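Please open the model in your viewer and keep the sequence panel beside it.

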Amino acid sequence: MSVAAVAVFCGSRFGTRPAFLAAAREMGTGLGEAGMRLVYGGGDVGLMGAVADATLLAGGQVSGVIPTFLQSREVMHAGVDDLTVTDSMHSRKQLMFARADAFVVLPGGLGTFDETMEIVTWRQLKLHDKPIFIVNVAGWADAMLAMLNAAVHDGFAETSALDLFEVVPDVATVMARLTATAHLPTTEDVSRL
């Protein structure tokens, strides 16, 4: 079965480089045109809002998941039909995980780093085997990847930890990988969390 739903982790800000916004829009357009549902943080701001807008504009479906305390800070996206409000960040991340067949990481800050490390760690712990793609737009992920390589070099992670995710240079590459990746999520994936 092809990937039907993709969780995208990205910034609630636009960042400083035009390439970041362009990649977010390209990601949303790609998902919408491919008939893949976007699963994201539910906000109408920054790159996350741009991904959702582009997905909707391309005729795609969007599932937003936002915790109550972020409803005003991240300005809930009024154009998203499938919007779930959770009681905590933890339940937000669990629900996004359960709804997604794959994960794509676009440029972002602390929240994006948190989501990325958690989903990679869950895969390391064998709580899931869903694909994870880090899109290294304009080299934004270089520092994060250097940190992960340092953890291996310093003996805090096995070399195999670097196989838990795939780094791709651009959205076109990740879309090609998503359309080629087969994954059928099981109820075991969700029940183990």
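What percentage of the 193 residues in the chain is buried? Buried residues make up 48% of the 193, where buried means under 20% relative accessible area, exposed means over 50%, and partly exposed lies in between, with a 1.4 Å probe and protein chains only.

Before going further, please note that this is a predicted model, in which local features need pLDDT of at least 70 and side-chain atom pairs count only at pLDDT 80 or more, while totals for chains, interfaces and linings use all residues. Residues are numbered from 1 along each chain as its sequence is written, and side-chain values use heavy atoms, with hydrogens and water left out.

**Stop 1: the whole chain**

Along the principal axes, the C-alpha atoms fill a box of roughly 45 × 40 × 35 Å. If you switch to a surface view, the accessible surface of the chain comes to about 9,100 Å², and 56% of that belongs to carbon and sulfur atoms, as computed by the Shrake-Rupley method with a 1.4 Å probe, where for residues only the protein chains shown count as cover. Of the contacts between residues at least 6 apart in sequence, 72% join residues at least 24 apart, a contact being heavy atoms within 4.5 Å.

**Stop 2**

Select strand 2 (residues 37–40) together with strand 3 (residues 62–67), which pair in the parallel sense over 3 bridges; here Leu38 stands opposite Val62. Then move to strand 5 (residues 102–105), where both faces are covered: Ala102 and Val104 are buried on one side, and Phe103 and Val105 are buried on the other. Strand 5 pairs with strand 1 in the parallel sense over 4 bridges, and Val6 is found opposite Ala102. Strand 5 is also joined by 3 bridges to strand 6 (residues 132–135), again running parallel, and in strand 6 the bridge partner of Val105 is Ile134.

**Stop 2: helix 2 and what covers it**

Select residues 46–57, which form helix 2, a helix of 12 residues that reaches 17 Å from its first C-alpha to its last. Helix 2 is mostly covered, with 9 of its 12 residues buried, among them Gly46, Met48 and Val51. Just after helix 2, pick out Gly59, which takes a positive phi of about 85°.

Staying in this region, select Ala24 in helix 1, which is buried with a relative accessible area of 0%. Leaving aside neighbours within four places in sequence, Ala24 is in contact with Leu47, Ala50, Val51 and Leu106.

**Stop 3: two loop residues**

Most residues other than glycine have a negative phi, and the last two selections depart from that pattern. Lys126, in the loop between helix 4 (110–124) and strand 6, has a positive phi near 65° and is exposed, with a relative accessible area of 59%. Finally, select Ala138 in the loop between strand 6 and helix 5 (142–153): its phi is also positive, near 55°, and Ala138 is partly exposed, with a relative accessible area of 43%.

Technical notes. Two strands pair if DSSP finds at least two bridges between them. The expected span of a helix is 1.5 Å times one less than its number of residues.
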